[in-house]
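Visitor: I'd like a walk through this model, strand by strand and helix by helix. Can we start with the ground rules?

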Amino acid sequence: MQTFLQRNRLIAAASAATVVLEAGWRSGSLNTAGHAAALGRPLGAVPGPVTSPTSAGCHRLIREYDAVCVSTAAEMAELVGERMLGLTLDLPPADGDTAGFGGRTSEQVRVFDALSTRAARSVTDIARRAGLSMSTVQGSLGALDLEGVVREKETGWVRGR
């Protein structure tokens, strides 16, 4: 059960918006919606009849979490709106930016995201946070260091110069 709830938190964090379709009063999807609301993500609900027990959760989301009542795919897309277009990386742009990553590999982006601006992190810690091998992290750090977007301190690696 705990793994299920952790997965819901990750789903909410990875989503630009959350839409719940006909959920009962006690539903796992309400857990996901609660995480999405806490993260400030847009929240939508597709309720069924007010007399249906399988709709109670959606009605609760609309009442208690200010979820938007949606009934079409277009209305669901409106929840996301400009949000997806406004997503940017903290990573400064590099020459040849064609993939939206500043011309960097996905591994380099993952390594950069695993770094802090204040707390130096070891290669082992970065590899764990990024879900990459130590050699991949070391190569990515080297490339990012050459660009000047990361630097090595005595105790590990940090973002920026």
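Guide: Helices (H or I, at least four residues) and strands (E, at least two) are DSSP runs, numbered from the N terminus. This is a predicted model, where local features need pLDDT of at least 70 and side-chain atom pairs count only at pLDDT 80 or more, while totals for chains, interfaces and linings use all residues. Residues are numbered from 1 along each chain as its sequence is written, and side-chain values use heavy atoms, with hydrogens and water left out.

Visitor: Which residue in S3 does Gly-44 stand opposite?
Guide: Strand S2 (residues 43-46) is joined to S3 by 2 bridges, and the two run parallel. Across from Gly-44 in that pairing sits Val-68.

Visitor: And what is the strand order in the open sheet?
Guide: S1 and S2 pair over 4 bridges in the parallel sense, with Val-20 opposite Ala-45 in S2. The sheet is open, has 3 strands and pairs in parallel, in the order S1-S2-S3. Strand S1 (18-21) and strand S3 (68-69) have a single partner strand each, so one side of each lacks a neighbour in the sheet; the edges are S1 and S3.

Visitor: Which helix packs on the sheet touching S1, S2 and S3?
Guide: Contact here means heavy atoms within 4.5 Å, and axes are lines fitted to C-alpha atoms (for helices over the stretch in contact), with angles from 0 to 180 degrees between N-to-C directions. Helix H2 (residues 28-38) packs on the sheet, touches S1 and S2, and makes about 155° with the direction of S1. The helix touching S1, S2 and S3, at about 145° to the direction of S1, is H4 (residues 73-80).

Visitor: How are H6 and H7 oriented to each other, roughly parallel or roughly perpendicular?
Guide: The axes of helix H6 (residues 123-130) and helix H7 (residues 134-147) come within 9 Å and cross at roughly 105°. Angles under 35 degrees count as roughly parallel, over 145 as roughly antiparallel, 65 to 115 as roughly perpendicular and the rest as oblique. H6 and H7 are therefore roughly perpendicular.

Visitor: Which residues in H7 do Val-123, Thr-124, Ile-126 and Ala-127 meet?
Guide: Those four belong to H6, and their counterparts in H7 are Met-134, Val-137, Gln-138 and Leu-141.

Visitor: Last one: what is the bridge partner of Lys-153 in S5?
Guide: Strand S4 (residues 150-153) and strand S5 (residues 156-159) run antiparallel, joined by 4 bridges. They form a hairpin with 2 residues between them. The partner of Lys-153 is Gly-156.

Technical notes
Two strands pair if DSSP finds at least two bridges between them.
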